[in-house]
Amino acid sequence: MRRIHPSLPLLALIATLPLSQAHDHKGDERIQEGDYISREPIDAILWLHILSMTLSFGILFPLGMVLGLVRNRFHVPVQISAACIGIMGWFLGHGHDGRQFEDGNIHSVYAPFLGLGVLWQVAMGVYLKLHLERGWHGRVRRVVVRVHGVVGVVMPVASWVQMVFGGITVLGFCHKDHLGQCLAHFIMGGSFIAYAIVMTLMTLVGQAWLRRQGRAPEFWDSLIIAVWGFVNTFTEHRWGQPWSHGDYQHTSMGIVWWCAGLLGLWLSRGKNGEARRNLIPAIVIFLTGWAMSSHVQHLEFSTKVHAVFGYTLMAAGISRIIEIAFVLRDRTSRPNGEPSTFQHVPPYLLIASGFLFMGANEEQLQLLYDSGVDHVSYLLVLYSLAFLLYLFVQILIYVYASNMAAKKAALGAGSIGVNGASGRRRPELAPIETRRGDGEEYELEGLISDDEERLESALTRVGEGSPPMKEGRS
């Protein structure tokens, strides 16, 4: 019988706790008519709730998800820590004083679904740790492993949505006439951030997948752009109502997207069916930024923020064009496999554009204007958030790549072992380690290959113009 993992009792205890219940809004009577939050400031307990949930769902759960993908031994401890901190944050969120919120707000309505996802993950983790593989458990285990992986990948996205809902709720935004533009800003801004993360994954660890699929990155970019353009074309205007200035701009932008997306899909297929790079998605990003930079708002503060958002998006499009046409020269990656330093510019600018657009909704900008905050200070804070998020994405990708490299090395060493013996090291227990020679190996690999090519061509020329060398006498 297998030894029971020491963390199983704690996992079972976590699975029995009610992670989501209705918030007892004992201060609802303090909310004035027509408002959605009370006038009190945020107290220390609520700040602790925000920080603990950000640590749990925004940092530890995504890190645990990556560790689970590479079967690292720290996967279970990190997930347990995230769940414990999340439970503490749940109690803090139900015990705070100060600012109160209306019943049925989106943050509290969405919380049970997120809590259910955590419960599912914990329950499936407990089952998998029992290592029940005989009989029908063998078939069930394979299904549970797949579902556990899918839910683990979905959890960071679901957590991001809940954190956005939390920010909307704590400020009392996105109600009545403001709902439409609020949804547009947060959905589109989040889409730019997601696009940047996928672009980073394709650049750093997705090259093998792209080769297997036989598609260029622009094929997937153009497909998403075309679908999103069709959606925007028919949803940005409320049919049956008069057309406004914003309706014309947003609908025309949707038309540009699906038209360009269809062209990008066609150009991503080469003459003989091979994958080909193209610049259409980058041009669409540039045109979108140009349109948004000219998007005049009722508030001058908002007009300046939209202009900087547009300039940032235009810079992202231009840098993507430079990357494809001049840095990679229409290749999917550099010959040595290492990304260029310039390839980090487009995804960062897209993340920054996402934060700028999410933070450009009219209620938030009006609040900042009334508070006396200037647009430059506000924009610098948003750029700082983009730096932090891109740093976190880089850390997660590094953890994944370094563990996969260590796992492959362990498998290679384990097949032969020391003195020909078969190794017994479990690859899923490979530690997170830094391979010092990686950068040097990549650089030397490129230099050595170039030198060899030059030497070979020189020898060829010498061989063509000189008689063959005779063997020396013994």
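What follows is a walk through a predicted model, starting with one glycine and ending with ring pairs.

Glycine 310 sits in helix α11, which covers residues 300–327. Its relative accessible area is 0%, so glycine 310 is buried. Which residues does glycine 310 touch, leaving aside its neighbours within four places in sequence? They are Gly289, Trp290, Met292 and Ser293. Histidine 295 is 15 residues away along the chain, and its C-alpha atom is 8.7 Å from that of glycine 310.

Now to the packing of α11 on helix α13, residues 362–371. The two axes come within 9 Å and cross at roughly 120°, which makes α11 oblique to α13. The crossing is right-handed. On the α11 side, Phe301, Ser302 and Val305 take part; they meet Leu365, Leu368 and Tyr369 of α13. By type, that contact has 5 nonpolar residues, 1 polar and no charged.

Next, the rings. The whole structure has 12 aromatic pairs. In one of them, phenylalanine 57 and phenylalanine 61 have ring centres 5.1 Å apart and planes at 45°, so the pair is tilted. Both residues lie in helix α2, 4 residues apart, about one turn of the helix. Phenylalanine 57 is buried at 12% relative accessible area, and phenylalanine 61 is buried at 11%.

Phenylalanine 230 and tryptophan 258 are stacked, because their centres are 4.9 Å apart and their planes are at 15°. Phenylalanine 230 is in α8 and tryptophan 258 in α9, so this pair ties together parts 28 residues apart in sequence. Phenylalanine 230 is partly exposed at 38%, and tryptophan 258 is partly exposed at 23%.

Last, ring pairs link Phe192, Phe309 and Phe357 into a cluster.

Notes:
Residues are numbered from 1 along each chain as its sequence is written. This is a predicted model: local features need pLDDT of at least 70, side-chain atom pairs count only at pLDDT 80 or more; totals for chains, interfaces and linings use all residues. Side-chain values use heavy atoms; hydrogens and water are left out. Helices (H or I, at least four residues) and strands (E, at least two) are DSSP runs, numbered from the N terminus. Buried means under 20% relative accessible area, exposed over 50%, partly exposed in between (1.4 Å probe, protein chains only). Contact means heavy atoms within 4.5 Å. Axes are lines fitted to C-alpha atoms, for helices over the stretch in contact, and angles run from 0 to 180 degrees between N-to-C directions. Angles under 35 degrees count as roughly parallel, over 145 as roughly antiparallel, 65 to 115 as roughly perpendicular and the rest as oblique. A crossing is left-handed if the near helix is turned anticlockwise from the far one by less than a right angle, and right-handed if clockwise. Ala, Val, Leu, Ile, Met, Phe, Trp, Tyr, Cys and Pro count as nonpolar, Asp, Glu, Lys and Arg as charged, and the others, Gly among them, as polar. Rings of Phe, Tyr and Trp (its six-membered ring) pair if their centres lie within 6.5 Å; planes under 30 degrees apart count as stacked, over 60 as edge-to-face and the rest as tilted.
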